[in-house]
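Thanks for coming. Please have a look at the structure on the screen before I start.

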Amino acid sequence: MQRYIFFILFIILIFTIDCVQQEKESDKINVVVSIMPLAEFAEKVGRDKASVSVMVPPGASPHTYEPTPGQLVKLSKAKLYIKVGSPIEFELVWLDRILSANKDIFIIDASYGIEFMNVVYKHHHEQNEHYYIGDDPHIWLSPKNAKIMVENIYNGFVSIDPDNKEYYSENKRSYLRELDELDLEIEILLADKINRRFMVYHPSWAYFARDYNLEQIPIEKGGKEPTARSIQFLIEQARIQNIRVIFASPQFNTESAEVIAREIKGQVVLIDPLQKDYITNMKKIARVLSEVME
Ligand SMILES: [Zn+2]
């Protein structure tokens, strides 16, 4: 009998803890974001008042990812959705569906105020190849753009929770300071490089290259794997430009990067454009670039 009572008490206890936890959870603003770096920015601004979840999980590409039914259900509880806002496939294809799952959700366009760079896309249509110019979606890989994105996220938090404006403002200021330091550190690391070109499989780095006066040579062009002929051309280019390292990212096939690296007796180095810990990751990438550039 005693055992039975203990068991009942135990169940009640578990149930109570669960309720308290749920209570605490619901105190926080449920925020959903498209990609990992946005999750970092949202957490830095929202801190203890935000519970952030991300749609495109680690290792997946926002150019191809499709959300799970579970993720769409989770959206019904979210108050805030932060989109990159640049034309990235995940948002182009899924955002309407995401928004129809929760009509009351407040949307922040993190790209508001950022000037997009051009990118050339290749398109096959009835055996013809068309090229067209679009906006480069990889805006977050410039710390200067990241600062604008953080400002936009801050404005979103203030709109839905104006009582805590001071709290968000203090968090934002301290993260913007860190982003300024990051920007300066990258600038210094790469300042004296003479050969400012780097070869990379997926061209995510145009904004980064612009900020630090570098030149990105992409292997994949217009979202398509390179042909044998263009690989040959890239090998020659790498030799002429004295390039020793080919960058690739974990979200993409590294095969053609390896082919080129083998031919120039260089190596493939992975850099990840979508790591959550933005500042650490960007510093790491800048250090890698500074080591391989002359
Ligand atoms: Zn990309």
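This is a predicted model: local features need pLDDT of at least 70, side-chain atom pairs count only at pLDDT 80 or more; totals for chains, interfaces and linings use all residues.

Residues are numbered from 1 along each chain as its sequence is written.

Helices (H or I, at least four residues) and strands (E, at least two) are DSSP runs, numbered from the N terminus. Helix α6 covers residues 165-190, 26 residues in total. From first C-alpha to last, α6 reaches 37 Å, close to the 38 Å expected at 1.5 Å a residue; that expected span is 1.5 Å times one less than the number of residues.

Which residues of α6 are buried? They are Y168, N171, K172, Y175, L179 and I186. Buried means that 20 or more other C-beta atoms, placed from the backbone, lie within 10 Å of the residue's own. The cover over these residues includes α2 (36-46), α5 (143-160) and α10 (278-292).

Now α5. Its axis and that of α6 come within 9 Å and cross at roughly 175°; axes are lines fitted to C-alpha atoms over the stretch in contact, and angles run from 0 to 180 degrees between N-to-C directions. So α5 is roughly antiparallel to α6, a term for angles over 145 degrees.

Last, the strands. β1 (residues 29-33) and β2 (residues 50-54) run parallel, joined by five bridges; pairing takes at least two DSSP bridges. V32 has S53 in β2 as its bridge partner. Four of the five residues of β2 are buried.

Conventions. A residue is buried if 20 or more other C-beta atoms lie within 10 Å of its own, exposed if 12 or fewer, and partly exposed in between; C-beta atoms are placed from the backbone. Two residues are in contact if their C-beta atoms, placed from the backbone, lie within 7 Å. Angles under 35 degrees count as roughly parallel, over 145 as roughly antiparallel, 65 to 115 as roughly perpendicular and the rest as oblique.
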